Amino acid sequence: MADEDIVQEIEETPVEVEDDAEPEDMNAALQQVLKRARFHKGLCRGLHETVKALDKRVAHLCVLAEDCNEGAYTALIEALCTEHSIDLIKVPEKKKLGEWVGLAKYDTAGNIKKVIGASCVAITDYGEKSKALDMILGHFGRN
């Protein structure tokens with residue numbers, strides 16, 4: 001009676017990669033880019049982190065909320081972006097920007113409970129190349 005080793009072959013099923021669909025508008029493209037940058041730890045959120053990234057010139061893109069209620073805050077971010085030739089995108093609401101960069105709390109059902117607003121965000125690492133990133137860079141005339 002010989003002992004036989006039983007070898008099972010495990011079939012590897014390819015993991016379906018989410019198809020990189022063309023975003024509908026700039027906000028949808030920006031949302032995808034921010035999500036990828038957050039995944040790759042390439043986001044600076046808040047005034048202090050954003051100003052440091054802009055001053056060191058490591059930021060590639062800056063996003064500023066239009067409903068920011070502090071005029072000096074907006075002037076500082078715009079001046080640093082202009083001085084260091086960093087692209088600046090403005091979004092209408094800081095609550096939406098906060099949601100896009102992961103500053104939202106969710107309940108067990110996946111519904112948003114609370115969103116913390118983010119007035120400005122800087123992207124230091126885009127992560128992977130995508131159609132959404134191409135759309136944003138094309139908006140600024142860079143490829």
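1. Helix α5 and its partners. In this predicted model, the buried residues of α5 pack against α1 (26-39), β2 and β3. Helix α5 spans residues 131-139, and its buried residues are Ala-132, Leu-133, Ile-136 and Leu-137. Viewed down the axis of α5, these buried residues fall within an arc of 130°, so they line one face of the helix. After α5 comes Gly-141, which has a positive phi, near 80°.

2. The sheet. Four strands make up an open sheet with mixed pairing, in the order β1-β6-β2-β3. Its edge strands are β1 (43-45) and β3 (87-91), each of which pairs on one side only. From one strand to the next, the twist averages 20°.

3. Strands β1 and β6 are paired in the antiparallel sense over three bridges, and Leu-43 stands opposite Ile-123 in β6. Strand β2 (residues 61-65) and strand β6 (residues 120-123) also run antiparallel, joined by four bridges. For this pair, Leu-64 is opposite Cys-120 in β6, and Cys-62 has Ala-122 in β6 as its bridge partner. Strands β2 and β3, by contrast, run parallel and are joined by five bridges. On that side, the bridge partner of Cys-62 is Leu-88 in β3.

4. How many residues of β2 are buried? Five of the five are, so the strand is largely enclosed by the rest of the structure. Both faces of β2 are covered, with Leu-61, Val-63 and Ala-65 buried on one side and Cys-62 and Leu-64 buried on the other. Strand β6 is likewise covered on both faces: Cys-120 and Ala-122 are buried on one side, Val-121 and Ile-123 on the other.

5. Helices α2 and α3. Helix α3 (residues 71-83) lies across β2, β3 and β6, and runs at about 160° to β2. Helix α2 (residues 47-55) packs with α3 at an angle of about 20°, the two axes being 10 Å apart. This makes α2 roughly parallel to α3, since angles under 35 degrees count as such. The crossing of α2 past α3 is left-handed. At the contact, Leu-47, Thr-50, Val-51, Leu-54 and Asp-55 in α2 meet Tyr-73, Leu-76, Ile-77, Leu-80 and Cys-81 in α3.

6. Ser-119. This residue is placed in the loop between β5 (112-115) and β6. Is Ser-119 buried or exposed? Its relative accessible area is 14%, so Ser-119 is buried, the cut-off for burial being under 20%. Apart from neighbours within four places in sequence, Ser-119 is in contact with Val-63, Leu-64, Ala-65, Cys-68, Tyr-73, Lys-94 and Leu-97.

7. Lys-105. Strand β4 (residues 104-106) contains Lys-105. With a relative accessibility of 49%, Lys-105 counts as partly exposed; the limit for exposed is over 50%. Not counting residues up to four places away in sequence, Lys-105 touches Asn-111, Ile-112, Lys-113 and Lys-114. The C-alpha atoms of Lys-105 and Ile-116 are separated by 8.4 Å, the two residues being 11 apart along the chain.

8. Positive phi outside glycine. Two residues deserve a check of the backbone. Lys-41, in the loop between α1 and β1, has a positive phi of about 55° although it is not a glycine. At 74% relative accessibility, Lys-41 counts as exposed. Ser-85, in the loop between α3 and β3, also shows a positive phi of about 55° without being a glycine. Ser-85 counts as exposed at 53% relative accessibility.

Note on methods: Residues are numbered from 1 along each chain as its sequence is written. This is a predicted model: local features need pLDDT of at least 70, side-chain atom pairs count only at pLDDT 80 or more; totals for chains, interfaces and linings use all residues. Side-chain values use heavy atoms; hydrogens and water are left out. Two strands pair if DSSP finds at least two bridges between them. Axes are lines fitted to C-alpha atoms, for helices over the stretch in contact, and angles run from 0 to 180 degrees between N-to-C directions. Contact means heavy atoms within 4.5 Å. Buried means under 20% relative accessible area, exposed over 50%, partly exposed in between (1.4 Å probe, protein chains only). The arc is that of the directions from the helix axis to the C-beta atoms. Angles under 35 degrees count as roughly parallel, over 145 as roughly antiparallel, 65 to 115 as roughly perpendicular and the rest as oblique. A crossing is left-handed if the near helix is turned anticlockwise from the far one by less than a right angle, and right-handed if clockwise.
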